[in-house]
Structures are given as C-alpha cells and as structure tokens.
Amino acid sequence: MRIVVLAGGIGGARFLRGLKEAVTPGGGPPPGDADITDTNVTDTDTDITVIGNTGDDIHLFGLKVCPDLDTVMYTLGGGINEEQGWGRAAESWSVKEELKAYGVGPDWFGLGDRDFATHIVRTQMLAAGYPLSAVTEALCARWQPGVRLLPMSDDRVETHVLVEDGEGRRAVHFQEYWVRLRAEVPAQAILPVGAEDAAPAPGVLEAIAEADVILFPPSNPVVSIGTILAVPGIRQAVAEADAPVVGLSPIVGGAPVRGMADKVLAAVGVESTAEAVARHYGPGLLDGWLVDTADADAVPAVEAAGIVCRALPLMMTDVQATAAMARAALALAEEVRG
C-alpha cells in the first residue's frame, strides 16, 4: 500500500508516528534523542510518502530553517523534544545566549545548539547548489524517519500574515505572527508568498498519482495543508487522484486541538468547527472526513455536503491512540473506495 500524507509540523508529525505504528506495529523509535542511523528501519509492504509544508520556512542568522520538515524528521527519527513537540531533545542554548550577548536578534525564535547543526548543514548544501528536496533526503539519511519526506517545493515559499496593530497595517512572516505575536493580533489575510510561481518538488506529483490512499492529518488547514495545496499542480493532482482522500479534523468541540488554528481560519472566513473545515476542503478534494465524538452531531451535515463522515476519538494522547485514528482513516478510505 502506498500512502501519501500532506503534513505540517507538530500535529502532522505526531499523526505520522501513529500511522507508522498502525501499519507496522512496534516499528517506530522510542521518544527521546536518537543519534544513530538505523533506529527506525522496518520491513513493511507499506510505503509512506510525506509531502511537507515549507511555507513556514524562514531565514535566521544567515541560515535556512525548515521548521515543519525538521519536526517530522526529528519526531519520526526519535530526536524530538517531546514536551515541546518541536526542536531537539536534550538541547542546550549556548549559541542563542551568545547571540543575545552580542545584541543580535531575533530573540523570539529559539534555535538550540543541536538544531543549529541541522540548519548549518542545510544552508551549506543549498549554497553548493543542491535543491531542498536533495538536502532533505541527505538529512533524513541520518535520522532514518522510515518515510519518504519530500518538501512541497524546492522553490522559496513563505507564508505571511496581514495584520494591523500599533505598528500599522503590515504583512509579517507567519513565524513572527505565530511565535512573537502569539496570534493575538487578528489576522486579516493569509498570503503564501511565492506559491503561485513555485513548482512541486521532484516526486510530489508522481507520489500523489501513484498513491493508494491520501491522508490529510489534523494539521492546520490554512497554513499547513492549505499552503501545500497552494503550490500549482498539487491541489489538482489530489483532486484527480484515483486514491481516496481522507482527512482528520484538527478542530474538536469548536476549538483547535493544539495551537491557534482558529485565528487563521477566521482570516479566510471559516468557522472553527469540524463541519466548516470539511466544507473548506470540499468534496472536490475530500472523500472522507473523521470528526471527534464531541462533534458527532456534525456527521449528517458533512455527509450532506458529499463527504463520507464518521465520528471517533481524535485526541492524540499517545502513540496507540493515534494509531487507532490512523487505522480508522485507512478503514474509511477503503469504505469510500467501494
């Protein structure tokens, strides 16, 4: 079975860990730091390709930082900081402290010493002429995430957010909006800058066309999965794929499971409900949609919109709970396949 997953950062990475457990029980790495190269190699007839969001990418201190790609890589490779859900386990912060002593910012974005190494390697390889997809493959050779991790595009795409505050009406990088401003300023528009001129990375369209199942995990539907779909050719490829497309709601009981997705949903005129997010994707993309049991009353309305819908627990409390969600998504894909 060939599974394609469109993924953002923390939510997408944790769902992928459950998906791997669902298709290869016991195949994932234990949480914590894993500085070995073969911790996560398993024998399986299931191939998982992850198309990762790169709209969150940012240049800091002269380095190319890819937060969502790295979160997937670290989580599946056993090196993630489990409490935060991002960054490296057993991290230290000497470089950040030295930069602060020099008065060099920004100080609102935390890069630890181990994390710096990843960004240095990436930036050196990009400067040498390697595309981001090749660089990502090289980085994954160390972490062995057990999936094929592809950036959505080798071209530069950055998600910006239009805001109006005491500094006036302006566009800020999504990372500044999310991390520094903590999404406390209303978002007026979400702008995937550069997306219209970008091309899918090598292998992206082929993976979608050859997939047996396509999954939208409970990642942010606007700035994660939405940004991936904004790259010309990807939305069309998903819509035209023979494979069933099943999504899992990131909204439970009218609120985001994690983060502040309600703020960016409001910017695109979408209510923070499981039904509204399903309609936002639409039956042109989705064949199936899973909602939490707390939102079971949304099932008839979603199905009336032309999307098969089921309710079950969607809280990723641990790997086994997440694996149950993944199995339900695969079962729904089989159901809609007929």
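Reader: What is the strand order in the open sheet of 3 strands, and is the pairing parallel or antiparallel?

Author: This is a predicted model: local features need pLDDT of at least 70, side-chain atom pairs count only at pLDDT 80 or more, and totals for chains, interfaces and linings use all residues. Residues are numbered from 1 along each chain as its sequence is written, and side-chain values use heavy atoms, with hydrogens and water left out. Strands are DSSP runs of E with at least two residues, helices are runs of H or I with at least four, and both are numbered from the N terminus. Two strands pair if DSSP finds at least two bridges between them. Here the order is S7-S6-S8, and the pairing is antiparallel.

Reader: Which strands stand at the edges?

Author: Strand S7 (168-173) and strand S8 (189-193) do. Each has a single partner strand, so one side of each lacks a neighbour in the sheet. S6 (residues 158-165) and S7 pair over 6 bridges. Take His160: its bridge partner in S7 is His173.

Reader: How many residues of H1 are buried?

Author: Buried means under 20% relative accessible area; exposed means over 50%, and partly exposed lies in between (1.4 Å probe, protein chains only). In H1, 11 of the 14 residues are buried. Among them are Phe15, Leu16 and Leu19, and also Arg17, Lys20 and Glu21. Contact means heavy atoms within 4.5 Å. The cover over the buried residues of H1 includes strand S1 (2-7), strand S2 (47-52) and helix H13 (319-337).

Reader: Is Lys64 buried or exposed?

Author: Lys64 sits in strand S4 (residues 63-65). Its relative accessibility is 10%, so Lys64 counts as buried. A polar contact is a pair of N or O atoms within 3.5 Å; within protein, one must be able to donate a hydrogen and the other to accept it, and residues adjacent in sequence count only if both atoms are side-chain atoms. The Lys64 side chain makes one with the side chain of Asp57, at 3.5 Å. Leaving out residues up to four places away in sequence, Lys64 also touches residues including His59, His119 and Arg122.

Reader: What about Glu176: buried or exposed?

Author: Glu176 lies in helix H6 (residues 174-180). At 18% relative accessible area, Glu176 is buried. Beyond four places in sequence, Glu176 contacts Trp108, Arg170 and Leu181.

Reader: How many disulfides does the structure hold?

Author: A disulfide is a covalent bond between the sulfur atoms of two cysteines. The cut-off is sulfur atoms within 2.5 Å. The structure holds 0. For Cys140, the nearest cysteine sulfur is that of Cys66, 11 Å away. Cys140 is buried at 9% relative accessible area.
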